[in-house]
Amino acid sequence: ATPHGEARVLGTAFRLEVGAQPRLEVTEGKVRLTRAGGKAADVAAGSFAVAAPGIEPSARIAHPEEIVLPASQAKIVGEEWVLVPDRNASGGSALQVAKATFKAIDHVENRPSYAVFTFHASAEREYRLWMRSTSLATGDKWLREMATVEPRDCAMSQKSPFFGTAPTNAFVFTGLASWNGYAWSSGAFDEGKPDKEPILLRFHRTGPQTIRVYTVHPSIRIDSIWLSTRQAARPAARTIQPPAESR
């Protein structure tokens with residue numbers, strides 16, 4: 001039992017993490033997780049659930065192959081991002097650059113402003129990193145085509161050329177002004193050239209993960225981030241909502 005819920009053993013092997021949002025992960029059998037004063041969910045092997053104030057327990061795949069992170073799920077720190085309504089975004093809202101005070105070559109370690117996504121992912125999966133974005137302004141593309149994405153606590157298949165040999169996972173996504181409306185990209189996109197290989201991520205541990213997004217240029221909007229074990233080619237622009245096993 002925890003201050004926020006109770007896990008009742010039904011014949012199983014499981015892990016129960018107690019914190020602000022107690023998390024139950026089942027490896028064998030089935031466990032019933034009940035939120036204090038709320039509903040219950042039966043969690044089978046290979047799944048997990050959380051129980052916390054305002055969150056009803058529901059079983060989800062513990063090692064998801066597809067993870068979709070809509071803009072509305074991001075926590076905004078500082079004043080450089082704002083969440084705005086957008087009927088063309090998959091979730092009806094998007095992150096938009098409010099201030100762009102840093103350059104692409106500025107390291108992110110001490111930057112005070114960002115949007116951060118928190119989610120559960122597996123160390124047993126290799127994920128391709130896709131971001132759905134657009135640039136609203138017109139004019140010089142070189143001044144309205146960048147944003148920086150930083151998956152934390154993971155190994156990445158590529159290093160951003162903007163940071164040289166610096167020990168960072170931050171990657172400057174480029175080419176965001178190469179299309180009209182929203183489209184998907186992974187890392188660098190060069191208009192008129194074949195797509196480059198997407199960025200691959202492998203997290204160091206299974207559990208809660210974070211991805212931070214930093215501003216570089218004004219007029220950028222970000223709809224969502226998609227981590228996929230299967231989507232090897234750049235998704236078509238018309239792909240608004242990929243299949244998600246953990247959202």
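This is a predicted model: local features need pLDDT of at least 70, side-chain atom pairs count only at pLDDT 80 or more; totals for chains, interfaces and linings use all residues.
**The largest pocket**

Let's start with the open space: the largest pocket holds about 460 Å³. Its lining is made up of 20 residues, and those closest to the centre are Gln 21, Arg 60, Thr 118, Phe 119 and His 120. Strand 4 (47-50), strand 6 (66-70) and strand 10 (114-121) each give two or more residues to this lining, with strand 10 providing the largest share, 5 residues.

**Aromatic pairs**

The model has 6 aromatic pairs. Two of them are set out here.

| Pair | Distance between ring centres | Angle between planes | Class |
|---|---|---|---|
| Phe 119 and Phe 203 | 5.9 Å | 70° | edge-to-face |
| Phe 171 and Phe 173 | 6.2 Å | 85° | edge-to-face |

Phe 119 belongs to strand 10 and Phe 203 to strand 16 (residues 199-203), so their pairing ties together parts that lie 84 residues apart in sequence. Both of these residues are buried, and together with Tyr 127 they form one aromatic cluster. In the other pair, Phe 171 counts as buried because its relative accessibility is 4%, below the 20% cut-off. Phe 173 is buried too, with a relative accessible area of 0%.

**Charges over rings**

Arginines also meet aromatic faces here. Arg 23 lies over the face of Phe 48, at 4.3 Å from the ring centre. Likewise, Arg 212 places its charged end over the ring of Tyr 114, 4.0 Å from the centre.

Technical notes
Residues are numbered from 1 along each chain as its sequence is written. Side-chain values use heavy atoms; hydrogens and water are left out. On a 1 Å grid over the protein atoms alone, a cavity is a set of points where a 1.4 Å probe fits but cannot get out, and a pocket is an open set with protein on both sides within 12 Å along at least five of seven lines; lining residues have an atom within 4 Å of a point. Grid points are joined across faces, edges and corners, and a volume is the space filled by probe spheres set on the points. Helices (H or I, at least four residues) and strands (E, at least two) are DSSP runs, numbered from the N terminus. Rings of Phe, Tyr and Trp (its six-membered ring) pair if their centres lie within 6.5 Å; planes under 30 degrees apart count as stacked, over 60 as edge-to-face and the rest as tilted. Buried means under 20% relative accessible area, exposed over 50%, partly exposed in between (1.4 Å probe, protein chains only). A charge sits over a ring if NZ of Lys or CZ of Arg is within 6 Å of the ring centre and within 35 degrees of the ring normal.
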